[in-house]
Amino acid sequence: MPNVSEKIVNSVIITMAARLSMVLAIPTLTFLFWLYTGWQAEKFDKVQDQVEQTQKTAQQASDQSIRLSERLTTVETKQAEATVSNERFQNATLNRLDRVQDSIVGLSNTVAALTATLQAIVEDKRRRPP
């Protein structure tokens, strides 16, 4: 009958092991789930930090693009003003050059008239007896 007693002992040990495993299964699963949740939370925090950093970088880029747009508008405005001013200056310079040219023509006519007058006086003096 040693077999029967061994069967009883094995049966009791197996039953105790089974009940002990049933009792410890839920706390073990809970502990494993808790570890997994902590690991996931850590990963989520890292991802959250990366998202926040990306958002800050995107906001900075947006702010810089707005400033750049404002500066570009300023430069374009000044360039347009400079173009208008340059055209005015060129027109004024051309007008002055036209006036100078007219004055030179007038002076040339005056010099020609004076030359003709002087020649006439010289001719008149030559014709007159001294």
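This is a predicted model: local features need pLDDT of at least 70, side-chain atom pairs count only at pLDDT 80 or more; totals for chains, interfaces and linings use all residues.
## Overall form

The secondary structure of the protein chain is quickly listed: 1 helix and 0 strands. Helix H1 covers residues 2-127.

Along the principal axes, the C-alpha atoms fill a box of roughly 185 × 20 × 15 Å. One pair of residues gives a sense of scale. Ser-103 and Leu-72 are 31 residues apart along the chain, and their C-alpha atoms are separated by 46 Å.

## Burial and surface

Buried residues account for 0% of the 130 residues in the protein chain. Buried here means under 20% relative accessible area, and exposed means over 50%. The accessible surface of the protein chain is about 12,100 Å². Carbon and sulfur atoms contribute 63% of that surface.

Ser-103 is a residue of helix H1. Its relative accessibility is 42%, so Ser-103 counts as partly exposed. Leu-29 also belongs to helix H1. At 58% relative accessibility, Leu-29 is classed as exposed, because the cut-off for that class is over 50%.

## A nonpolar patch

Which residues make the nonpolar surface patch of about 570 Å²? They are Leu-29, Phe-31, Leu-32, Trp-34 and Leu-35. The exposed Leu-29 is therefore one member of this patch.

## Aromatic pairs

The structure holds 2 aromatic pairs. One of them joins Tyr-36 and Trp-39, with ring centres 5.9 Å apart and planes at 45°. Why does this pair count as tilted? Planes under 30 degrees apart would be stacked and planes over 60 would be edge-to-face, so an angle of 45° falls in the tilted class. The centres also meet the pairing cut-off, because 5.9 Å lies within 6.5 Å.

Tyr-36 and Trp-39 both sit in helix H1. They are 3 residues apart there, so about one helical turn separates them. Are these two residues buried, partly exposed or exposed? Tyr-36 has a relative accessible area of 46%, which makes this residue partly exposed. Trp-39 has 45% and is partly exposed as well. Both values lie between the 20% and 50% cut-offs, so neither residue counts as buried or exposed.

Methods. Residues are numbered from 1 along each chain as its sequence is written. Side-chain values use heavy atoms; hydrogens and water are left out. Rings of Phe, Tyr and Trp (its six-membered ring) pair if their centres lie within 6.5 Å; planes under 30 degrees apart count as stacked, over 60 as edge-to-face and the rest as tilted. Helices (H or I, at least four residues) and strands (E, at least two) are DSSP runs, numbered from the N terminus. Buried means under 20% relative accessible area, exposed over 50%, partly exposed in between (1.4 Å probe, protein chains only). Patches are made of residues with over 30% relative accessible area and no salt bridge: like charges are joined within 9 Å, nonpolar side chains (Val, Leu, Ile, Met, Phe, Trp, Tyr) within 5 Å. Accessible areas come from the Shrake-Rupley method with a 1.4 Å probe; for residues, only the protein chains shown count as cover. A salt bridge is a side-chain nitrogen of Lys or Arg within 4 Å of a carboxyl oxygen of Asp or Glu.
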